[in-house]
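Work through the exercises below with the model open beside you. Try each task before you read its solution.

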Amino acid sequence: MDSNFFKHTLIGAVAFVVLGYLIYGLALMGYFAENTTGGQETPVWWALAVSQIGLGAILATVLGAGSARDFASGAKAAGMVGIMYGLAVSFDLLATTTMFNSTTPAVVMVLTEAVRFAVAGGIVAMMMGKE
């Protein structure tokens with residue numbers, strides 16, 4: 001790991017926070033409020049930061065090992081990772097919790113994570129290409 005890894009991790013983390021707010025906090029807040037149970041009234045900010053840094057590190061690792069160095073190639077690679085991540089997390093939650101009222105919100109979460117990963121991955125890859 002070098003300083004570029006940490007820089008790309010932080011770029012990815014910031015992208016995930018912004019995209020998460022836009023997608024889950026604004027665009028789909030009503031949908032998920034109606035189709036999920038529980039949830040925090042106010043996020044546990046330190047835990048959110050740790051999770052977004054972890055997601056940024058996933059992108060820095062995957063994209064750093066590959067050849068994606070522009071927005072399109074980064075979005076494509078990271079979008080695929082987002083689909084896998086979304087499938088794993090969403091259907092694990094569906095199987096083990098009462099968070100989702102049906103299968104539909106789990107599928108919506110897979111799609112939203114694919115978009116979030118694709119855009120964040122495009123940003124990270126574009127920054128990698130500038131070096």
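The exercises that follow concern a predicted model.

**Exercise 1. Describe α4: its reach, its N-terminal cap and its buried residues.**

Solution. 
Step 1. With 26 residues, α4 reaches 36 Å from its first C-alpha to its last. The expected value is 38 Å, which is close.
Step 2. Asp70 caps the N-terminal end of α4. One of its side-chain oxygens lies 3.3 Å from the backbone nitrogen of Ala72.
Step 3. List the buried residues of α4: Gly74, Ala75, Ala78, Gly79, Val81, Gly82, Gly86 and Ser90.
Step 4. Find what covers them. The cover includes α3 and α5.

**Exercise 2. Decide whether Ser90 is buried or exposed, then find what its side chain meets.**

Solution. 
Step 1. Locate the residue: Ser90 sits in helix α4.
Step 2. Apply the cut-off. Buried means under 20% relative accessible area. Ser90 has 0% relative accessibility, so Ser90 counts as buried.
Step 3. Look for a polar partner. A polar atom of the Ser90 side chain lies 2.8 Å from the backbone oxygen of Gly86.
Step 4. Set aside neighbours within four places in sequence. Ser90 is then in contact with Phe100, Ala106, Met109 and Val110.
Step 5. Tyr31 is 59 residues from Ser90 along the chain, and their C-alpha atoms are separated by 16 Å.

**Exercise 3. Characterise the largest pocket: how much space lies in it, and which helices each supply at least two lining residues?**

Solution. 
Step 1. The largest pocket holds about 1300 Å³ of space.
Step 2. Its lining has 30 residues. Closest to the centre are Tyr24, Gly25, Gln40, Pro43 and Leu48.
Step 3. Assign the lining to helices. α1, α2, α3, α4 and α5 each supply at least two residues.
Step 4. Sort the lining by type: 18 nonpolar, nine polar and three charged.

Methods
Residues numbered from 1 in each chain as written. Predicted model: local features only at pLDDT ≥ 70, side-chain atom pairs only at ≥ 80, totals over all residues. Heavy atoms only, no water. 1 Å grid on protein atoms, 1.4 Å probe; cavity = no way out; pocket = protein on both sides within 12 Å on 5 of 7 lines; lining within 4 Å. Points joined across faces, edges and corners; volume = space filled by probe spheres on them. Helix = DSSP H or I, 4+ residues; strand = E, 2+ residues; numbered from the N terminus. Nonpolar A, V, L, I, M, F, W, Y, C, P; charged D, E, K, R; others polar. Buried < 20%, exposed > 50% of the residue type's maximum accessible area, 1.4 Å probe, protein only. Polar contact = N/O pair within 3.5 Å; in protein donor to acceptor, adjacent residues only side chain to side chain. Contact = heavy atoms within 4.5 Å. Expected span 1.5 Å × (residues − 1).
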